[in-house]
Amino acid sequence: MRVAVAEDGALFRQGLVLLLEAAGHEVVAVEAGGDPLVAVLSTVPADVALLDIRMPPEPDGGLVTAERLRAAHPDMGLLFLSHYAESHYLMRILEIGTDRIGYRLKEKVGSVEVLSDTLARIADGEIVIEPELAKRLVERPRGDKKDLVSTLSQRERDVLELMAEGRSNNGIASTLYVSAKAVEKHVANIFDKLGLQPDTSAHHRRVLAVLTYLRSQRSDV
Amino acid sequence: MTLGGEHGRRAQEVWRRRRRLERRLHDGPALRLSALSLRLGVLRAEIPDQALDGADAWRRGLDECADELAAALQELREVAGAIYPSLLEEAGLGPALRELVAATGARARVEAVDTRCGAAAEGAAYFAAAACLEAAGDDPVDVGVRVEGDHLVLVLAGVDPGLRATVCDEAEPLGGSVEVGGPGDGTATITARFPCA
């Protein structure tokens with residue numbers, strides 16, 4: 001895969017390039033900030049751009065850079081790497097796009113397998129959300145949602161968590177060692193119990209519905 | 001108006017110093033440890049598949065190191081958050097309090113204006129609200145943030161009136177003030193004013 005990197009911390013930037021190369025990816029651009037990356041990528045093609053959130057242009061240059069890249073190259077995947085996994089940034093990221101996009105903690109992509117899996121899912125059009133953040137959203141939904149989420153069975157909660165990570169039905173099925181049909185059934189039950197519109201036709205709409213539900217302050221949203 | 005005079009100025013400086021400390025943790029040790037986790041990943045990928053005796057033991061050892069690094073980073077994040085939450089600096093009081101509610105699972109609703117009020121007022125109001133949310137446990141609390149003149153006003157409805165002292169501890173060093181009112185059902189509405197820098 002052709003990958004571009006923008007990160008202002010030199011040590012992390014160098015480590016990332018080494019790991020990407022060890023994973024067999026081609027690093028086509030490496031910059032210390034968003035503006036130079038946008039400039040380079042206007043002529044150099046890339047499949048996925050890896051962006052630090054907190055980098056120049058300050059304060060959250062990764063987000064501004066992502067907006068510009070998405071506008072100029074709609075097919076380019078975007079992966080945000082950050083020291084913090086926060087729902088505030090997750091929502092801002094989902095405003096930029098709900099496909100070919102990811103948000104992960106910096107230290108959680110520190111293996112060839114995880115990094116390559118994350119990049120492949122993004123290139124396939126999926127949303128990839130840091131599992132820790134997805135878990136937190138499911139375990140501690142806002143306010144009144146608590147009572148509804150607590151009506152889910154353990155297995156349904158596992159499925160909800162994987163949905164919040166942005167996993168497809170097939171991805172959920174292979175993670176839980178069950179059939180895709182069984183996952184579909186769980187998903188239908190979850191949507192029913194939470195009172196969500198069962199519009200599961202488009203994968204990214206489903207992820208967005210689940211995340212918005214878990215994040216919003218009122219139960220009627 | 002006196003914004004706390006010399007005391008107030010010193011209190012302002014304390015908050016700015018806390019904010020700088022969080023930055024240093026982020027740009028220094030946190031980044032170093034994150035970079036180290038990538039280097040471990042490179043080492044792990046370089047272990048030959050079968051050729052080497054004990055390749056699996058090497059892999060397991062490196063995985064354990066990676067887990068320890070992740071745990072150290074998580075602890076650093078918690079320390080940094082107790083000094084000055086990064087989101088408070090980057091996005092302001094509303095987003096920082098909503099994130100806190102999401103992270104702790106508190107039954108709180110946050111209504112906040114987007115106006116920025118400086119490191120000291122925002123920091124003091126954040127930690128005052130955080131202490132009250134923690135004390136409230138599973139009881140519902142309404143948190144309001146608005147700006148009146150050159151003061152940031154924090155309203156905490158549904159809290160224990162005994163938390164007045166806790167809120168005072170944050171507001172008074174800056175030259176702020178605290179009032180307690182409420183429905184008289186055992187809960188109170190605490191209104192605190194923090195001078196903006």
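Predicted model: local features only at pLDDT ≥ 70, side-chain atom pairs only at ≥ 80, totals over all residues.
Residues are numbered from 1 along each chain as its sequence is written, and chains are lettered from A, and ligands numbered from 1, in the order in which they are written. Local features need pLDDT of at least 70 and side-chain atom pairs count only at pLDDT 80 or more, while totals for chains, interfaces and linings use all residues; side-chain values use heavy atoms, with hydrogens and water left out.

Chain B is assigned domain 1 (5-84) and domain 2 (87-195), the bounds coming from an automatic or database domain assignment. Taken over C-alpha atoms, the centres of domain 1 and domain 2 of chain B are 30 Å apart. Their contact (heavy atoms within 4.5 Å) involves 14 residues from domain 1 and 12 residues from domain 2. The buried area, defined as the accessible area (1.4 Å probe) that two parts lose on being put together, summed over both, is about 990 Å² between these domains, with 62% given by carbon and sulfur atoms.

No salt bridge, that is, a side-chain nitrogen of Lys or Arg within 4 Å of a carboxyl oxygen of Asp or Glu, is found across this domain interface. One residue pair, both at pLDDT 80 or more, is in polar contact between the domains. A polar contact is a pair of N or O atoms within 3.5 Å; within protein, one must be able to donate a hydrogen and the other to accept it, and residues adjacent in sequence count only if both atoms are side-chain atoms. On the side of domain 1 that touches domain 2, helices H1 (5-46) and H2 (55-83) of chain B each supply at least two residues; helices (H or I, at least four residues) and strands (E, at least two) are DSSP runs, numbered from the N terminus. H1(B) provides the largest share of that side, 10 residues.

Between the chains, 40 residues of chain B contact 36 residues of chain A. The area buried there is about 3,400 Å², 54% of it on carbon and sulfur atoms. Seven salt bridges are found across the interface of chain B and chain A. The side chains of Glu90(B) and Arg54(A) form a salt bridge with an N to O distance of 2.9 Å. Elements giving two or more residues to the side of chain B that touches chain A are H1, H2, helix H3 (86-91), helix H4 (93-104) and strand E1 (108-112) of chain B. H1(B) gives the most to this side, with 15 residues.
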